[in-house]
Amino acid sequence: MDWSALKLSLCLALATSLILLPFGAPLARLLAWSDFKGKWIAEAALALPLVLPPTVLGYYLLVALGTGSPLGAFYESVTGHPLAFSFEGLVFASVLVNIPFALIPMQRAFEAIPLEVHQAAKVCGMPPLQAFFRVELPLAWPGVLSGFIMTAAHTVGEFGVVLMVGGNIPGETKTVAIAIYDRVQAFDMQAAGWMSATLLVLSLLALALTTRLGRRVAR
Amino acid sequence: MLAVVLHQKRPITLDVDLRCDQGELLALVGPSGSGKSTVLKIIAGLLRGDVGSVRIDGETWFDSEKKINVPVHERSVGYVFQSYALFPHMTVLENLMAAGGSEARARHWIEAVRMKGLEHQRPHQLSGGQQQRAALARALVREPKLLLLDEPFSAVDQLTRDRLYEELAELRRRLNIPVIFVTHSLTEAQLLADRMVVLHRGRTLQSGTPEEVFRAPATPDIARLVAHKNLLEAQVIAADQTLTLLDWRGLRLNAPPGAFTSGEKVAWLIPALDVRMNGPDEAPAHVDNRFEAQIESVVPLGDQATVRIRMPNGECLTLSAAAHIVRKRQLAAGRSIGVSLLPASIHLMPHEPH
């Protein structure tokens, strides 16, 4: 078992989920109730990571994060080290890839709140922020939490994008998913087996939890 | 006083002009899809009006010309939704306090709507009638300048509805604010409202007391909306200050004077309750508009019966009679009876081509 890879995977998952949470919930609420021009395009763009091959995403991210790009150059000038092939670069890539996994459960949860309840908060004199924290979030929280867990679970399991953007640097960008691939290449089937079983159990737990939360939303 | 003027083409056509005084209970009546709920939502600010204004007590909530549109949460309005829309994760007391009430005031209103003892229940533990009361209390705990009720009685059973009618009638005497409720039920409007406004295809057609609107609808359209059964057409033969003489497909009718000239086509109606059956031994003579008619059908409905009669000119009229009279006089299809169409009950309207 590669403990440093597991620790890295869990850190990456937590960082990705924590970054997506404060952006995801308000964005999901906006998509659930607002109707604006080009909403369908925005929704399609946000769901893109679901269907694109990880190599395509990885390629574009590598271009965007590289030292030659404005973002990569700016990051390097501030921190002194490049964004690509670093943990921070991995977090950035992971956040983008996971947008749909966070957003979709959250959006469904906000959509499930009856329109009249949403309007009742307004006619009860609540300004938008208060309505969000007192009425909408308490009703949508199982979906929001479910988005958080899905993001974490998916991040732990992400392979292609991580390999493209992060490479395979032990302690920096080598996650469990990469470590498994690494061990199989080295014919170390026992280590690969242990790590695979760990990921399997983690993923099953995460999915079981979100299914249970999904039932709560439906009620 | 609340004054609402709306003119718009989209998303639905609205041509609305209505007023509601302090302490007045105004019913907004119309068939489904007539725009009643839309008007209510524009007044509350939940929907944006296109052209027009909403003013209350010298405050402007919406004015398209001056580009004023006060956000919903800044309008002092109490709103009861059709589905009540209580916050499901809060108790009754918390629902009221979420609407900006102090705990003392929330408890006061819970008592006022007879919900004492239920303050710690969640909405799903309440019956439909209790949810409605809680929603009403939540709307009033803010001490709003205006109370709006969107079909408040449509989701409860008849028994609960009757009790809620009484409670609303009692409660409103304590409120000195304009109250508007939306309904498609004329009975509800007649029972509760001081005044009603008829809305049809987004246009306010007529306003007045329920009695006025029912007795004297301004157009045949409104007569149909308030469910008049005897809505007919005739031609004016002569008209002066004392009466209008009509030719109703060969029958002569005396009707009250109106702004009609001889030769003009008019629509007219007589309420089913005002088609009088003449007693068997009643002297004919001086009563106007007496005819011999043939009974087509008698349909008993509780303690009233609906009797369809065919007049000598072949036209049909409907009259309402007490069930015991129908039994006593053995009224049945095929028999003939004498009827009078009391001139004072006849109402004339401008003719509208269909």
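Just after helix H4 of chain A, Gly80(A) adopts a positive phi of about 90°. Helices (H or I, at least four residues) and strands (E, at least two) are DSSP runs numbered from the N terminus. Helix H4 itself, residues 70-79 of chain A, is hardly covered, with one buried residue among its 10 residues. A residue is termed buried if 20 or more other C-beta atoms lie within 10 Å of its own, exposed if 12 or fewer do, and partly exposed in between, the C-beta atoms being placed from the backbone. The model is predicted; local features need pLDDT of at least 70, side-chain atom pairs count only at pLDDT 80 or more, and totals for chains, interfaces and linings use all residues. Residues are numbered from 1 along each chain as its sequence is written, and chains are lettered from A and ligands numbered from 1 in the order in which they are written.

The predictor assigns the complex an ipTM of 0.81 and a pTM of 0.83. For chain B, the mean pLDDT (the predictor's confidence in each residue, from 0 to 100) is 90, and 97% of the residues reach 70 or more. Where pLDDT is low, the predicted coordinates should not be read in detail.

Chain A contains 10 helices and zero strands, and its pattern along the sequence is accordingly written α-α-α-α-α-α-α-α-α-α. Its C-alpha atoms fill a box of roughly 65 × 40 × 30 Å along the principal axes. Of the 219 residues in chain A, 40% are buried. Two residues are in contact if their C-beta atoms, placed from the backbone, lie within 7 Å. Among the contacts in chain A with a separation of 6 or more, 76% join residues 24 or more positions apart.

Helix H1 of chain A, residues 3-33, includes Leu31(A). Leu31(A) is classed as buried because 20 other C-beta atoms lie within 10 Å. Apart from neighbours within four places in sequence, Leu31(A) is in contact with Glu43(A) and Gln107(A). The C-alpha atoms of Leu31(A) and Met106(A) are separated by 9.9 Å, the two residues being 75 residues apart along the chain.

In chain B, the secondary structure comprises nine helices and 21 strands. The C-alpha atoms of this chain occupy a box of roughly 70 × 50 × 30 Å along the principal axes. Buried residues account for 38% of the 354 residues of chain B. Of the contacts in chain B with a separation of 6 or more, 64% are between residues 24 or more positions apart.

Two residues of chain B other than glycine show a positive phi. Most residues other than glycine have a negative phi. Asp57(B) has a phi near 45° and is placed in the loop between strand E4 (51-56) and strand E5 (59-63) of chain B. Asp57(B) counts as partly exposed because it has 13 C-beta neighbours inside 10 Å. For Lys67(B), phi is about 55°, and the residue lies in the loop between E5 and strand E6 (68-69) of chain B. Lys67(B) counts as exposed, since 7 C-beta neighbours lie inside 10 Å.

The largest nonpolar core has 152 residues, of which Leu26(B), Ala137(B), Leu148(B) and Trp268(B) touch the most other members. Helix H5 of chain A, residues 87-111, gives the most to this core, with 12 residues. Such a core is a set of buried Ala, Val, Leu, Ile, Met, Phe, Trp, Tyr and Cys residues joined through C-beta atoms within 7 Å. Beyond residues up to four places away in sequence, Leu26(B) touches several residues, among them Cys20(B), Pro178(B), Ile180(B), Ala193(B) and Met196(B).

The contact between the chains takes 15 residues from chain A and 17 residues from chain B. On the side of chain A that touches chain B, the elements giving two or more residues are helix H6 (115-123) and H7 of chain A. H6(A) supplies the largest share of that side, six residues.
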